[in-house]
Structures are given as structure tokens and as C-alpha cells.
Amino acid sequence: MSNVLARTYVGAPWVTILPGWGTPGKKSFKKTCLRDIATMQLCANKLDKKDFFGKSDPFLVFYRSNEDGTFTICHKTEVVKNTLNPVWQPFTIAVRALCNGDYDRTVKVDVYDWDRDGSHDFIGEFTTSYRDFSRGQNQFNVYEVLNAKKKGKKKKYINSGTVTTGISSEWTFIYIHFSCVSMCVCLCSLTGNPSQPTSLHYMNPYQMNAYAMALKAVGEIIQDYDSDKLFPAYGFGAKLPPDGKISHAFPLSGDNENPNCVGIEGVLEAYFQGLRTVQLYGPTNFSPVINQVARSAQDVTDGSQYFVLLMITDGVISDMVQTKEAVVNAAALPMSIIIVGVGPAKFDAMEELDGDEVRVSSRGRFAERDIVQFVPFRDYMDQSGNQVLSMARLAKDVLAEIPEQLLGFMKTRGIEPRPALSSSELPKLHRHI
């Protein structure tokens with residue numbers, strides 16, 4: 001399977017490349033460079049003195065040019081007091097806010113001397129473009145600050161100082177085609193008898209139940225990040241035929257040799273087939289399937305693959321101690337976990353695993369990364385009927401933390417992208433977990 005990883009270089013030109021991330025000969029990622037955020041550092045030298053009893057208190061104002069020739073303020077720096085050679089704090093700005101996506105559009109920067117009464121003194125200005133700013137990648141651009149009125153009055157006028165700009169190179173966002181997205185559905189008796197309308201697994205011939213809706217909604221988001229659309233799909237917490245053995249990680253398709261389902265429709269078909277063939281039971285143990293995916297991730301820690309486990313559940317965790325230990329162990333691996341809570345239950349355990357406030361720990365050992373993202377599906381059931389808007393919010397929140405989680409793993413391991421590969425060189429691989 002060819003996986004996609006898009007990495008944003010601040011200030012880098014638009015490019016589409018086919019590199020790999022990790023060890024040569026292993027699975028590769030295709031990356032598409034998207035410039036969405038710029039991190040800028042500016043300083044000035046020998047600005048005009050404006051204060052009678054001091055020097056100047058300079059600050060910068062950035063303007064985006066509009067289609068009608070007017071300018072709109074898009075950023076102000078802080079004021080640096082009593083200096084003609086200020087150094088402003090680095091700041092980040094959305095490229096769209098700076099130039100509306102047109103890298104050749106004029107960007108105007110005014111330099112002012114701050115006054116307490118708000119009547120700030122104009123020192124000068126310069127114009128540039130985002131494309132020109134971008135040439136400061138790993139170097140500096142120097143702009144003359146010009147004051148037209150002052151220039152008209154003084155024959156020997158040169159400038160009102162200079163501003164030096166630089167743009168730092170950072171990874172800011174990623175789009176990932178994961179090496180393996182696994183889906184796991186809770187099939188415990190606590191969710192109710194599938195033949196009864198009160199069950200979250202109710203097999204209604206006219207509409208999808210809560211689990212199916214969550215699978216379809218979240219799955220359609222995730223499937224865009226998997227190029228071959230083959231998803232290992234599992235159930236847990238059920239008794240399996242023919243002997244009624246309880247399993248916490250069984251293929252929904254019933255095929256132990258090949259748990260993959262083709263697309264989200266294939267996952268849904270396997271899910272409904274599983275409801276007809278297994279007995280919902282319990283307990284709701286999370287750790288077995290987390291450990292199962294972790295074992296596969298443990299074999300590939302060179303950055304060439306990244307694993308994502310999607311779990312759909314009703315909110316109860318029977319093996320919380322073991323699950324926390326599994327999460328702590330998995331945090332050291334190229335792996336993320338998305339948990340979608342279905343139904344009206346309280347999701348305190350899920351919130352704890354999410355680790356946004358307090359990092360998950362086990363036996364005194366803290367997870368080295370936050371790898372769990374939890375979303376309660378009920379929060380995205382738009383009562384107004386605007387499913388497009390609610391699913392857009394769901395997509396945003398489901399994937400909110402994964403980019404940072406993946407980059408966190410790569411950076412802590414010192415893993416850098418490899419030189420570009422052609423599309424024909426990208427190996428096709430899909431791991432069966």
C-alpha cells in the first residue's frame with residue numbers, strides 16, 4: 001500500500017514530491033507540500049528616532065492587499081520599547097491571511113513609533129510578497145524602510161532604517177495515508193440485544209444503528225487516508241461459534257487468515273454479518289486489541305510505517321488497569337488510537353485515556369506521548385439536520401491530534417524524510433494484523 005504523508009515546510013515553495021520517511025527499502029510515504037502557516041522572525045536596524053526624550057518604541061503592522069487596491073491589517077507585532085534596533089518575538093501567521101493564497105500578492109509592512117495617546121508616529125514602510133518572504137528560508141531578507149514625505153523634504157535621504165526578515169523551517173501539518181488503519185467494534189451484551197430497538201446494535205432494516213452510523217461517519221473520514229482502502233476490522237467482547245469461546249479481537253469477516261475489508265462498505269457488511277453470527281457477551285476489554293496492533297507496530301519502528309487503531313465502543317472498559325498499561329507501552333511505538341464513544345453513557349474512562357489534561361500512566365510510568373484521541377459521537381448528531389456541518393466538525397476533531405502524534409514520534413526518534421522516490425519505486429504493502 002502506498003501511504004501518503006504531507007509535510008508543510010514553512011516558506012517552502014509549492015511542490016508535489018514522492019519521498020519516503022524512514023529506512024530505504026521499507027514502506028514509503030508520498031508527501032504533498034502544503035504551505036499553510038508561516039513562522040516569521042523580524043528585527044530592524046537604525047530606525048528613525050521619534051521620541052524627544054528617548055529613541056523610538058517601534059512596532060510593525062502587516063497589511064494584505066485586496067482586489068480593489070485597498071489594504072487590510074492582518075498582523076501587528078508587539079512594541080519594543082526605547083530602541084532603534086528592535087528585535088521582535090517570532091510569530092506565526094496563516095499564509096492565507098497574509099496573501100489569500102496568492103504568493104505574488106503585495107504585502108505592505110508599516111513601521112510605527114508607539115505613543116501612549118494612540119497617535120503613533122509613522123516611521124516608514126516597505127512592500128514585498130509572500131514569495132519574496134519565502135526566499136528568506138534559512139537566510140535573511142533585508143528591506144529598506146522608506147518614508148515618502150521625509151524623502152521629499154530631504155535631498156540626501158536614504159532610508160529610515162532597515163528591517164530584516166527570516167522564515168524558520170518547521171513541520172506544521174501532515175496528511176497521512178497510514179500503513180494500516182484497523183477498526184474495532186465493541187460487541188458486548190451491555191449494548192443490548194441486536195433484535196431489540198433499545199440496543200445500540202439494533203439491526204433496523206430501515207436505518208443504521210448508532211454503531212453503524214459511527215463506523216460509517218468516522219470510517220469515511222479515515223478511508224481517505226488509506227490508499228488501498230483495505231481495513232482489518234475486528235470485534236471484541238463476544239462469544240464465537242461453534243464453541244462459544246469469548247474473544248476480544250476476532251475478525252468481523254470471520255476469516256482469521258484475512259481480516260481485511262474492502263472500504264467502509266465492506267467493514268459495515270462484516271459488522272452486520274458479525275452481529276448475525278456471534279453472541280454479544282463481555283467483558284469489554286480494550287487491552288487485547290491494543291496489544292495486538294502494538295505487536296505489529298513494534299516490528300516497524302524506523303518511521304517507514306504508522307499504525308492507527310479506531311475503536312467504536314459504548315463507554316465501559318472492564319480492564320482499565322491493563323488498558324492503561326497497553327497505552328503506555330504503545331506510546332513508544334508508531335501508533336495512534338482513536339476512540340469513538342457511542343450512546344448516552346458517561347465516558348470518564350475514555351477521557352482519562354485521552355490524556356489531554358493528565359498523561360496516562362501505569363505502575364508509575366507515564367506515556368511518552370499522548371496517542372489517544374477520544375470523541376463522543378453524540379456531540380456530532382446535529383439536531384438541525386445539517387449533517388454536512390456536523391460531519392465536518394467530526395472530521396476535524398477525529399484527526400485533530402494525529403498529525404502532532406505522528407510528528408512527535410518521528411522527531412523524538414530523529415527520523416527524517418528520505419530523498420524522493422518515483423511512484424513506480426514505491427513498494428506496495430499492507431500488513432495483516
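I count a charge as sitting over a ring if NZ of Lys or CZ of Arg is within 6 Å of the ring centre and within 35 degrees of the ring normal. The model I consulted is predicted, so I note that local features need pLDDT of at least 70 and side-chain atom pairs pLDDT 80 or more, while totals for chains, interfaces and linings use all residues. Residues are numbered from 1 along each chain as its sequence is written, and side-chain values use heavy atoms, with hydrogens and water left out.

**Entry: charges over rings**

I looked up Lys 108 and found that it lies over the face of Tyr 63, at 4.2 Å from the ring centre. I also noted Lys 239, which lies over the face of Tyr 281 at 4.0 Å from the ring centre.

**Entry: an open sheet**

I took helices (H or I, at least four residues) and strands (E, at least two) as DSSP runs, numbered from the N terminus. Two strands pair if DSSP finds at least two bridges between them. I found three strands in an open sheet, ordered S17-S16-S20, with antiparallel pairing. Strand S17 (245-247) and strand S20 (279-280) stand at the edges with a single partner strand each, so one side of each has no neighbour in the sheet. Strand S16 (residues 238-240) is joined to S17 by three bridges. Within this pairing, I located Leu 240 opposite Lys 245 of S17.

**Entry: aromatic pairs**

Rings of Phe, Tyr and Trp (its six-membered ring) pair if their centres lie within 6.5 Å; planes under 30 degrees apart count as stacked, over 60 as edge-to-face and the rest as tilted. I recorded ten aromatic pairs in the structure. The ring centres of Phe 133 and Tyr 143 are 6.0 Å apart and the planes are at 75°, so this pair is edge-to-face. Phe 133 belongs to helix H2 (residues 130-134) and Tyr 143 to strand S11 (residues 141-144), so the pair ties together parts ten residues apart in sequence.

I call a residue buried under 20% relative accessible area, exposed over 50% and partly exposed in between (1.4 Å probe, protein chains only). Phe 133, at 1% relative accessibility, counts as buried, and Tyr 143, at 9%, counts as buried too.

I then examined Phe 347 and Phe 374, whose ring centres are 5.3 Å apart with planes at 50°, so the pair is tilted. Phe 347 and Phe 374 are both buried. I noted one aromatic cluster formed by Phe 62, Phe 91, Phe 126, Phe 133 and Tyr 143.
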